[in-house]
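Please take a look at the chain shown here. The paragraphs after it go from overall dimensions to strand pairing and then to the ligand.

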Amino acid sequence: MIAEGRMMVNKAEVDGVALARGDRAMRLLAAVNRDPAEFGAPEEFRIDRARNQHLTFGAKIQRCVGVPLARLEMRATLEEVLRRTPKIRVEYLEAMRLKFATTHSTLTSVPATWA
Ligand code: HEM
């Protein structure tokens, strides 16, 4: 998911832009999660970031209630892939293909080899 729509319930100012009650705004997660003020080397995939305040699951009152299940499913999937193909190796991060869309992007190709 890379963007979420919002309707303003209160007026606010964001980076000098005045937003009135009822205005529509879009939060670009793809940008927020790569904020260089928040993440060191934001373009690099680092699974072990010590501080990782990403907004992929939203925040505060609108935080995703499915986080534990989503994490469990992802862990089970990755563990099964690694169990079946222990020597899997993603060859070239640059060769991955991403299909962009307004709200969701999808990996369409992840070149890999395994023994
Ligand atoms: C990788 C997987 C997932 C991602 C990235 C994700 C992301 C999000 C995000 C960003 C929100 C907040 C939307 C907003 O601010 O308006 C949200 C809300 C929500 N998610 Fe997820 N989600 C995932 C998986 C799941 C799963 C597995 C479930 C349930 C089985 C789930 C159920 C919900 C529900 C019910 C809400 C609304 C919570 C509320 O409004 O209080 N999500 N999710």
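**Overall dimensions and fold**

The chain has a radius of gyration of 18 Å, whereas a compact globule of 115 residues would have one near 13 Å; the radius is taken over C-alpha atoms, and the globule rule is 2.2 Å times the number of residues to the power 0.38. This is a predicted model, in which local features need pLDDT of at least 70 and side-chain atom pairs count only at pLDDT 80 or more, while totals for chains, interfaces and linings use all residues. Residues are numbered from 1 along each chain as its sequence is written.

Along the principal axes, the C-alpha atoms fill a box of roughly 60 × 30 × 30 Å. Of the 115 residues, 0% are buried (buried: 20 or more other C-beta atoms within 10 Å of the residue's own; exposed: 12 or fewer; partly exposed: in between; C-beta atoms are placed from the backbone).

Two helices and eight strands are present, in the sequence order β-β-β-β-α-α-β-β-β-β. Helices (H or I, at least four residues) and strands (E, at least two) are DSSP runs, numbered from the N terminus.

Strand E1 (residues 3-7) lies largely in the open, because zero of its five residues are buried. E1 pairs with strand E4 (residues 24-28) in the antiparallel sense over five bridges; pairing requires that DSSP finds at least two bridges between the strands. Within this pair, glycine 5 has methionine 26 of E4 as its bridge partner.

Around the ligand there are eleven residues, of which Gly58, Gln62, Cys64, Gly66 and Ala70 come nearest (near: C-beta atom, placed from the backbone, within 6 Å).
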